[in-house]
Amino acid sequence: MGRTDGVFRPGEPASGSGEAAALRIEGLRKSFGAHEVLRGVDLAVASHEVICLIGASGSGKSTLLRCVNLLERIDAGTIWLDGQPITSPGVDQNLVRRHIGIVFQSFNLFPHMTVERNVTLAPMKVLGLSRSEAVSQAAELLDRFGLGEKRADYPDRLSGGQQQRVAIVRALAMRPRLMLLDEVTSALDPELVADVLDLIRELAEGGMTMLIATHEMGFARDIASRVCFLADGQIAEQAPPAQLFSQPSDERTRRFLRRITDAGRL
Amino acid sequence: MEVQGLPDLSARRSRLLGPGDRRGLILSTASTVVVLVALLAIFLLAPGSAQVRHTFFNPADMWQSFVGNPKAGYYSVGAALWLNIRMFVAAEILILIAALVVAIIRLSTGPVLLPLRVVATVYVDVARGVPLILVIFAIGFGVPALQLKGISAQSAAVYGVAALVFSYSAYVSEVYRAGINSVHRSQVAAARSLGLSQWASMRYVILPQAVRTIIPPLLNDFISLQKDTALVGLLGAIEANKAAEIYSDTVFNYSSYTVAAILFLLLTIPLARFTDHLIARDRARRLAGAEQ
């Protein structure tokens, strides 16, 4: 069960648990009012694994990611990060969130700050980096992802694709253990999607552990080590992409994929 | 070759004057002149006009009350305004702080803070519901009567500022609260997801965005506050309105009040223009991107 003293120590596997998964979820339940969105989700993500969550709108993909980031209070179940429970009472949520980056569908950049300040704020205020350390780290990340020239711009001067890439860089600047991507291309014009997906691909190749909610089936097939299909508040089926997309075993998965194919999206 | 007939698109039009074509300009000038002349005519031709002009707009009395003459028994309205300025500057600073604290308490969610939330809510209801003039009397006459060491021996201006802070912090806390609520919840999620504490999210992400939206209503309250410093004269503090009152009691001419009114106008109008300038600058900076 890992430690229960409420002190979260990332990177240290819990004693006696052998090789702990980077992320483990058991029996996760979450309701909004009378509507139960998640009805007992179980999932384990190994280090360097890239998991794509697919499923119809409203199937709970976003809710699942928000629960992992502790942005939603869960009703039942347990989530472990590196073998340590992060959903027990007394766990320092701020400490947990440092190690889990999340990127939202609508970017959510801070509109009153320049790109650079967006990226350096949390490293300075949370990790305690000096301004010069944070700025040079931001410059390096922004350059790497082709955003170096946008450093001094405010978010409303950037295209959606650029904003989303800045949002990803902002999360990366915290050097997270795990990245959660919540339909990060859904709000983008089609011609801007590729840049963002390329960036994510680069992260995957760099060994980043990621949990990705997405509607981009082609991308999921390309990048995922495993694809999970969410239906009725549970993971109805999970398999490597080649298997899940060509020989889905669950009837609901088959129906979902048929609809996607009919819409010309696969 | 020059392109003819294109209107000058870059010219800035005054919103007050409306469309800036020649005919519009002539029309707006003409209508303004007609209205002003009509109002002036009514004022000058009214049966009691001479009396009113003598009592309220007598240049000699206006000047006398402005400079003051202690030997003749009255104070300078101009000098007394300095007390109004000091009072509202002190009050504004205290209100900005106190109101923010009240707003944050009212917006807090923790169960432990419930008693504080109740106190803050009751305070806002009471402070907004009781007329300012009664608050000034209550603090200005009540606190000295308590005979508390150190607290009960302050000047009237200090009690006046305390009363203004008590009353206005309630209004301003509601302005803050509306501003903070206007920042989208996704901004909070973004800030918290980066590991920022609740306080750091408020300080670096929510408040800076909230303040931009609340500057106009905040300024509105502060203009009102500047005028309400005149009520502190009721406690005997010699501020501009009190000095004008003393002049009129001494000389039996009300022109001193006109002087006080003009001086208050001179204070509030620059503040309004300054805020417009701040808003325009912020807007321009964000639209143009940063040239740091």
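In which sense do strand E1 and strand E2 of chain A pair, and over how many bridges? E1 (residues 23-32) and E2 (residues 35-45) of chain A run antiparallel and share eight bridges; strands count as paired if DSSP finds at least two bridges between them. Helices (H or I, at least four residues) and strands (E, at least two) are DSSP runs, numbered from the N terminus.

Bear in mind that this is a predicted model: local features need pLDDT of at least 70 and side-chain atom pairs count only at pLDDT 80 or more, while totals for chains, interfaces and linings use all residues. Residues are numbered from 1 along each chain as its sequence is written, and chains are lettered from A and ligands numbered from 1 in the order in which they are written.

**The E1-E2 hairpin of chain A**

- Two residues sit between E1(A) and E2(A) in this hairpin, and Gly33(A) in the turn has a positive phi of about 65°.
- Across the pair, Lys30(A) faces Leu38(A) in E2(A).

**The six-stranded sheet of chain A**

- Six strands make up an open, mixed sheet, ordered E6-E7-E8-E3-E9-E10 in chain A.
- E6 (100-103) and E10 (234-239) of chain A are the edge strands, each pairing on one side only.
- On average, neighbouring strands here are turned by 20° against each other, direction ignored; axes are lines fitted to C-alpha atoms, for helices over the stretch in contact, and angles run from 0 to 180 degrees between N-to-C directions.
- E7 (residues 178-182) and E8 (residues 210-213) of chain A pair in the parallel sense over four bridges, with Leu181(A) opposite Ile212(A) in E8(A).
- E3(A) also pairs with E8(A) in the parallel sense, over four bridges, and there Ile51(A) stands opposite Leu211(A).
- E3(A) is joined to E9 (residues 226-231) of chain A by four bridges, again running parallel; the bridge partner of Ile54(A) in E9(A) is Phe229(A).

**How enclosed is E3(A)?**

- Five of the five residues of E3 (residues 50-54) of chain A are buried, so the strand is largely enclosed by the rest of the structure.
- Buried here means that 20 or more other C-beta atoms lie within 10 Å of the residue's own (exposed: 12 or fewer; partly exposed: in between), with C-beta atoms placed from the backbone.
- Val50(A), Cys52(A) and Ile54(A) point one way from E3(A), while Ile51(A) and Leu53(A) point the other way.

**Helix packing in chain A**

- H5 (residues 160-172) and H6 (residues 190-205) of chain A pack at an angle of about 15°, axes 8 Å apart.
- That makes H5(A) and H6(A) roughly parallel to each other (under 35 degrees; over 145 is roughly antiparallel, 65 to 115 roughly perpendicular and the rest oblique).
- Residues in this contact include Gly160(A) and Ile168(A) of H5(A) and Leu192(A) and Leu199(A) of H6(A); two residues are in contact if their C-beta atoms, placed from the backbone, lie within 7 Å.
- By class, the H5(A)-H6(A) contact has four nonpolar, three polar and two charged residues.
- For those classes, Ala, Val, Leu, Ile, Met, Phe, Trp, Tyr, Cys and Pro count as nonpolar, Asp, Glu, Lys and Arg as charged, and the others, Gly among them, as polar.

**Chain A meets chain B**

- Chain A puts 23 residues into the contact and chain B puts in 19 residues.
- On the chain A side, H2 (93-98) and H3 (115-125) are the elements giving two or more residues.
- That side of chain A has 11 nonpolar, six polar and six charged residues.

**A helix in chain B**

- Asp61(B), Gln64(B), Ser65(B) and Phe66(B) are buried in H3 (residues 59-67) of chain B.
- After H3(B) comes Gly68(B), with a positive phi near 80°.
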